[in-house]
Amino acid sequence: MDLNKIARTMVSNRRGILAADESIATMSARLEKVGVEPTAETRRVYRELIVTTPELADSISGVILADETFRQRVTDGRTFPDYLSDIGILTGIKVDTGAKPLAGAPNETVTEGLDGLRERVADYVRLGATFAKWRAVITIGDSTPTDRAVHANLHALARYAGLCQEGGLVPIVEPEVLMDGTHSLARCQEVSTAVLRALFEELDLMQVQLDGIVLKPNMVVAGTGSTDQPTVAEVAQATVETLRETVPASVPGIAFLSGGQRPEVATQHLGAMQQLDPLPWELTYSFGRALVGPALETWRGEEKNRGPAQEVLSGLALANAAAR
C-alpha cells in the first residue's frame, strides 16, 4: 500500500485515530491513580480491553501503540498488530523517546529518538506497523517559545518524517503547542501559526512527501489558566484560520490531538470546525485521554467492569465520528 493511500485511509469514512501509546511510566501512573497495580500484564490487559472493544473499526481507523504493547499479544495469542489488522484497523507505533531539556533554553524541551530510527522503522514494518508518531512539544510563556526550541523540534520532526517515509511508514507529524499557561486565544493562534509555518519549511527542506503524512496539531485554544475562555465557535474559527494560512492542500488529513481538553469539549470543537466553509483536508481526531480516560476510570482493573468500560469508549468514539 503506498503512503498516500495509507494516509487517506487513516482519515477516511468519519473515523479517527486512537492514541494508546503512553510510555510505561505514564501508563503506570494512570493505572495507579485508579487503584490498579502497574505491571506489564495489567498494562497489556488494559490495552487489550481497548482494542477488543466491539465494532471499534466503525469509528477508529488506526491505533497508535507504544513499543511494549506492540510486542505483546492478546489473549488468543495474536500480536496486537495482527489482531488490529484482522479487524480492519491500521497499527501505528510511537518512535520518539520523549521530550528532554533543551540545552541553553530554560523550561523548553526537544524531542529525541533519531538515533537508530532507520533500523527501528524497518523492524516495526516487519512486525506490522503502517504508520508512526513523533510528538514535538512547544510551550507558551512570557519568553517562550524561543526560535531555538521551535527550530530544534521541527527539524527533528522533519528528519523523523523523512526516515519513516523512506522505510515505508506514514508519519504522523505532531507539533503540539501546549494548553498549559495563562495565554489568550490570540496568543495561541500566533504561536500555532508560526510553528506550523516553520514546520512545513522544514518538511520541504527534507523533501518529505506531503501527500503521505497526517498532521496532528493542537486546536487553537486559550491557556488553561486564562480567565478569558473562548466559545466553541471562536476556537473552531481560530483553528481553521490557522490551518488555512499554513497547511498545504496536498496534506490528506489533519487529526487533532485533544491536548487535555475534556472529552465533550474536544468533540464540540471538532464538530464546529466541520460546519465552516469546505476545507481541502479531512479534519478528524487522534485523541488519547479524551477517548480512553473515561474507560480507564470505569474499568479500574475489575473484570466485571470490562464491558461497561468498552461501552464508554465506544460511545465516545462514535460521538467523535458523528462530529465529523
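These legends accompany close-up views of a predicted model.

**View A. The largest pocket and its lining.** The largest pocket holds about 620 Å³ of space. Its lining counts 26 residues, and Arg30, Lys133, Arg135, Glu176 and Arg289 are the closest to the pocket centre. β6 gives the most, with three residues. By class, the lining has twelve charged, seven polar and seven nonpolar residues.

**View B. Helix α11 against helix α12.** Helix α11 spans residues 289–299, and helix α12 spans residues 306–323. Their axes lie 8 Å apart, at an angle of about 160°. Angles over 145 degrees count as roughly antiparallel, so α11 is roughly antiparallel to α12. The crossing of the two helices is right-handed. From α11, the contact takes in Ala290, Leu291, Val292, Pro294, Ala295, Thr298 and Trp299. From α12, the partners are Arg306, Pro308, Ala309, Val312, Leu313, Leu316, Ala317 and Asn320. Twelve residues of this contact are nonpolar, two are polar and one is charged.

**View C. Helix α7 against helix α8.** Helix α7 covers residues 147–167, and helix α8 covers residues 185–205. The axes come within 9 Å and cross at roughly 45°. The pair α7 and α8 is therefore oblique. α7 passes α8 in a right-handed crossing. On the α7 side, the contact is made by Val150, His151, Leu154, His155, Leu157, Ala158 and Ala161. On the α8 side, Val195, Ala198, Leu199, Glu202 and Leu203 take part. The α7 and α8 contact divides into nine nonpolar residues, two polar and one charged.

**View D. A cis peptide bond at Pro145.** The bond in this view runs from Thr144 to Pro145. This peptide bond is cis, and its omega is near 5°. Pro145 sits in the loop between β6 and α7. β6 also contributes to the lining shown in View A, and α7 is one of the helices shown in View C.

**View E. A positive phi at Asn13.** Asn13 is not a glycine, yet its phi is positive, at about 55°. The residue belongs to the loop between α1 (3–10) and β1 (16–20).

Key. Residues numbered from 1 in each chain as written. Predicted model: local features only at pLDDT ≥ 70, side-chain atom pairs only at ≥ 80, totals over all residues. Heavy atoms only, no water. Axes fitted to C-alpha atoms, helices over the stretch in contact; angles between N-to-C directions. Helix = DSSP H or I, 4+ residues; strand = E, 2+ residues; numbered from the N terminus. Parallel < 35°, antiparallel > 145°, perpendicular 65-115°, else oblique. Left-handed = near helix turned anticlockwise from the far one by under 90°. Contact = heavy atoms within 4.5 Å. Nonpolar A, V, L, I, M, F, W, Y, C, P; charged D, E, K, R; others polar. 1 Å grid on protein atoms, 1.4 Å probe; cavity = no way out; pocket = protein on both sides within 12 Å on 5 of 7 lines; lining within 4 Å. Points joined across faces, edges and corners; volume = space filled by probe spheres on them.
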